[in-house]
Each structure stands twice: as structure tokens, then as C-alpha cells.
Amino acid sequence: MNPIELSKNVYWVGAIDWMTRDFHGYSTDRGTTYNAYLIIDEKVTLIDTVKEGYRRELMNRIRNIIDPKKIDYLVVNHVEMDHSGVLPDVIREVEPEKVICSKMGHKALMKHFHEADWPYHVVTPGEEMSLGEKTLSFVETRMLHWPDSMFTYLKEDQILFSSDAFGEHLASSERFDDEVNQDVLMYEATKYYANILTLYSPLVKKLIKQVQDMHLPIKMIAPDHGVIWRKNPGKILEAYSRWCVNEGNGKALVIYDSMWHSTEMMAKSIAAGLLDKGINYKLVNLQVNHRSNVMCDVLEASAIILGCPTLNNGMLPRMAGFLMYMRGLRPTNKIGAAFGSFGWSGEAVKLMNTAMKEMNFTLVHKGLKVQYVPEHGHLEECVELGHAVGQALLDMKEGKDIEAVI
Ligand code: FEO
């Protein structure tokens, strides 16, 4: 249980969760970490704790450096249980002089743990706190991604403890960005943003500007999940700056489910139409792609084409579930279209169109439905749908306004 030194007297003392594979419906295929940080100074400070079940790992790492009873301050950057689950036990053992949190953090701690007597110290945004030789300051990051969220900045070491922001769900023995595979790191960082932060993109944009305006020199970003950005913190800041404005990569995603391959045949003909227009695309069958992986592609795609047959006057459950998930994350700035086969009622296309309109997608086709099994003429219509979406993407690239047809 070795602690890892980030800089002199600043240590990672968190826990590695190699086993978790689900975070509220987000598939964490590579596990995760719950990061906590210990600062040794006149006032010994622990920043964040870990999920229930990992207290021993946290405390053993701390014990390798110092007797936990010597901890004076406990900073709670974020109240969600993966970072505060062991808080009552830690507070009981450590008996800290201060439990430091935001105003909303105080409310959330009270609602979670119902402990009025903890020695709360509610910080105001920008407040500075001397630990002796080192100084902490606090940046309120409300709704990124909970009301209580805040960053803590360690001035002398130029380390930003960024809570959930800039993290990844990635279990590894390596603790720093320069020690892990870069493709895996950026894939997991993208997936994390896509599945947790997409709906807060306007706030991310504001926060990045706020941090830039504060002119905080940032040598390292130390999030609560995944690796610490020491070699290239600019890389993740640049990625967030790009993701939060939903620029789009000019590509189309054809996301579909199928019962007896009719809708799949339509998907392939639509793809052929996209290719005619020189548009790169990806076919995503929901039977074999987890919604949280699909959201990675949604984050960066410029067009979303949804395909689903009608079942019981509605959609197949996988598409209905995916739409519910995507709608919650509110991706913006997308071109959209829908298609699907049906037997006798055929509501699925309309339902998918409605869902996309609710997300403010620009629908460039009224939608295409085919009874039972498509024949050649139907597949030609699918190719034309691909052409319509492809042309809209080409127009968008040239800066032209795209008109919605419904
Ligand atoms: Fe990692 Fe919002 O908790």
C-alpha cells in the first residue's frame, strides 16, 4: 500500500478498484480509482476520501506516511459516495479540526450523513487557507457535476485537485498520465466526459474561462478518478475546451437495433448513401454496443441517424433505453434522421423523431419506414436518406445554415 509522491510532501493515498464494471449505467470496463491526497504541513490535510469498502486501503497508505490522527483538515471537494462513503469512519478515527467544504457541500453532507456536530468549515469561492508553508484556495464548480462540487488549488505546488473533472475510470498501477497508454487514456477521458459531463457543457465552458481568467499556473491536475496529469495537463484542458463546444467531427453515426435484419438492411443502405457523399460513418448496432461506449461517438459525431423497428406500438427496449440515456446527457448541435421497419402499426420512426426534436437535433429527413422486409426500391430510398444527411453535413462544413424538414 505505497503512497505516491506528487511533489514534496504531497501524496496520492487513494484506492484502486479493479473490479467495478458499472457506474449508474456507465460501463467501467477498465475499473476505476478513488483518489485521495495527503498534504504534510503544519496543518496536515487530507483531500477527499474513498468509496465504502476501501477505507483500509486509504488508511494504510496514510499510515505509511503519518499517523492518521495527525490529520487536521479534511477537504470534501465532492459529496458523492464514491468519494465520501468512508467519511463517517474517517472522521471518527481522525477527529479533524476542520471538515472543509462548499456551502452546497455542507448541505449535501448533512443530507447524506445527518451529522450536525462535525467541525464544518464552509469556504467561500476564492478563499485562501494557510496550512503552514503551503496554501490552499477553493474554486466553486457548482453542478460540475453536483451542486456541492469544488476544486481545491495548492498554490505553492501549482496543483489543482479537480474532484470529478478531468478524470477517467481507469484502474492502473501507474498514477501519472505519462506512464499509461495514451490512446487508452484519451479514450477513457472522452468516455468519462461523454457520460458524465456532456449535459453540463455550457458550465464547463464557463469554468474553463473562469480558470483562465484567474491565471492560476497549473503544473498538475489531480482528479478524483484515474491518473494525475503531470506531464501534460494542457492536453486534458484542451480536450475539455473542444468537447464543451460540441464542434462535431463531420462524421455520421447510424445507431440502430433490428429484429429480423430489415432495419439492419436499411442501415447499410443509408451508410452507402453517406459514403456516396464522401462522409465517414460508423454503424452501431445496440445489440453489441453498450450505450456508454456509444455516447463516446455521439459526443464527437455531427449527425445521428437512428434506426429501430416497431414493437408493441413503440420502440425496441434497447433503443428506448438508449434514447432515455442520450436525452439525459443532452448532446447538442447534431443533424438527425430516423428509419425503421414495421409490421402493422409503425410508430417507432415518429417516436425517434420526437426524441431528437426534443434534443434540438436538426432533422433533415422526415423519416423512413418500411413494412416487413425492404425491397430494392425501399433500399434506394434509404440511400437517398444517406444522401440527404451527407449533403447536410457538407453544407454544415461550408458554414451554410441547415434547414430542418420537420
Ligand atoms: Fe466520482 Fe461524482 O463522483
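Reader: What covers the buried residues of α1?
Author: In this predicted model, the cover of the buried residues of α1 includes β2 (10-12), β3 (15-17), β7 (37-39), β8 (44-47), β9 (71-75) and α3 (87-94), where contact means heavy atoms within 4.5 Å and buried means under 20% relative accessible area with a 1.4 Å probe, protein chains only. Helices (H or I, at least four residues) and strands (E, at least two) are DSSP runs, numbered from the N terminus.

Reader: And which residues of α1 are buried?
Author: Helix α1 covers residues 55-63, and E57, L58, M59, R61 and I62 are buried there.

Reader: What should I know about the numbering and the confidence limits?
Author: Residues are numbered from 1 along each chain as its sequence is written, and because this is a predicted model, local features need pLDDT of at least 70 and side-chain atom pairs count only at pLDDT 80 or more, while totals for chains, interfaces and linings use all residues. Side-chain values use heavy atoms, with hydrogens and water left out.

Reader: Now the sheet: in what order do the seven strands come?
Author: The order in this open sheet is β1-β2-β7-β8-β9-β10-β11, with mixed pairing; two strands count as paired if DSSP finds at least two bridges between them. The edge strands, each pairing on one side only, are β1 (4-7) and β11 (120-122).

Reader: How many bridges join β1 to β2?
Author: β1 and β2 run antiparallel and are joined by three bridges, and E5 has Y11 in β2 as its bridge partner. The hairpin of these two strands has two residues between them, and N9 takes a positive phi near 70° there.

Reader: What about β2 and β7, parallel or antiparallel?
Author: β2 and β7 pair in the antiparallel sense over three bridges, with V10 standing opposite I39 in β7.

Reader: Changing topic, how many helices and strands does the whole chain have?
Author: The chain has twelve helices and 24 strands, and its C-alpha trace spans about 80 × 40 × 35 Å along the principal axes. Of the 406 residues in the chain, 57% are buried.

Reader: What share of the contacts joins residues 24 or more positions apart?
Author: Among contacts in the chain with a separation of 6 or more, residues 24 or more positions apart account for 73%.

Note on methods: Buried < 20%, exposed > 50% of the residue type's maximum accessible area, 1.4 Å probe, protein only.
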